Amino acid sequence: MIRKVYEVDPMLCPKCGGQMKVIAFLTDFSAVDRIIGHLKLTFVAERPPPPQVASQELLMVANPPAEYFS
C-alpha cells in the first residue's frame, strides 16, 4: 500500500538501496517498550488520535449504506 500511494518502496534500504525483508512482527507491547528503552529512543505523539475515528470506521464497514445493494 505504501508503495502504491507514495510511489516509494518501503523495503529498500535507505543507506545502500538493498532489498530488506521482514524478519519479525512485534506484538507484545512490553517487548517493544524494552527495545525502545534499550536503544534510548523516545516517542511522544503530537496528539493522540481521536477515539471515535476507529469506531466510526468499524461501523462504516459493518453497516454499509443500502444503496450499495441496489
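1. A search of the whole structure finds zero disulfides, a disulfide being a pair of cysteine sulfur atoms within 2.5 Å. Cys-13 takes part in none, and the nearest cysteine sulfur, that of Cys-16, lies 3.8 Å away. Cys-16 counts as exposed because its relative accessibility is 64% (buried is under 20% relative accessible area, exposed over 50%, partly exposed in between, with a 1.4 Å probe and protein chains only).

2. A word on the ground rules, if I may. This is a predicted model, in which local features need pLDDT of at least 70, side-chain atom pairs count only at pLDDT 80 or more, and totals for chains, interfaces and linings use all residues. Residues are numbered from 1 along each chain as its sequence is written, and side-chain values use heavy atoms, with hydrogens and water left out.

3. On confidence: the protein chain has a mean pLDDT of 77, and 70% of its residues reach 70 or more (pLDDT is the predictor's confidence in each residue, from 0 to 100). Where pLDDT is low, the predicted coordinates should not be read in detail.

4. The fold reads α-α-α from the N terminus, with three helices and zero strands. Both kinds of element are DSSP runs numbered from the N terminus: helices are H or I of at least four residues, strands E of at least two.

5. Buried residues make up 3% of the 70 residues in the protein chain. Its accessible surface comes to about 7400 Å², and 65% of that belongs to carbon and sulfur atoms (Shrake-Rupley method, 1.4 Å probe; for residues, only the protein chains shown count as cover).

6. Please also look at the loop between helix H1 (2-6) and helix H2 (29-38), where Gly-18 sits. Gly-18 is partly exposed because its relative accessibility is 24%. Beyond its neighbours within four places in sequence, Gly-18 is in contact (heavy atoms within 4.5 Å) with Met-11, Leu-12 and Cys-13. Val-8 belongs to the loop between H1 and H2 as well, and its 47% relative accessibility makes Val-8 partly exposed.

7. Finally, one salt bridge is counted: the side chains of Arg-3 and Asp-9 meet at 3.8 Å, N to O. The rule asks for a side-chain nitrogen of Lys or Arg within 4 Å of a carboxyl oxygen of Asp or Glu.
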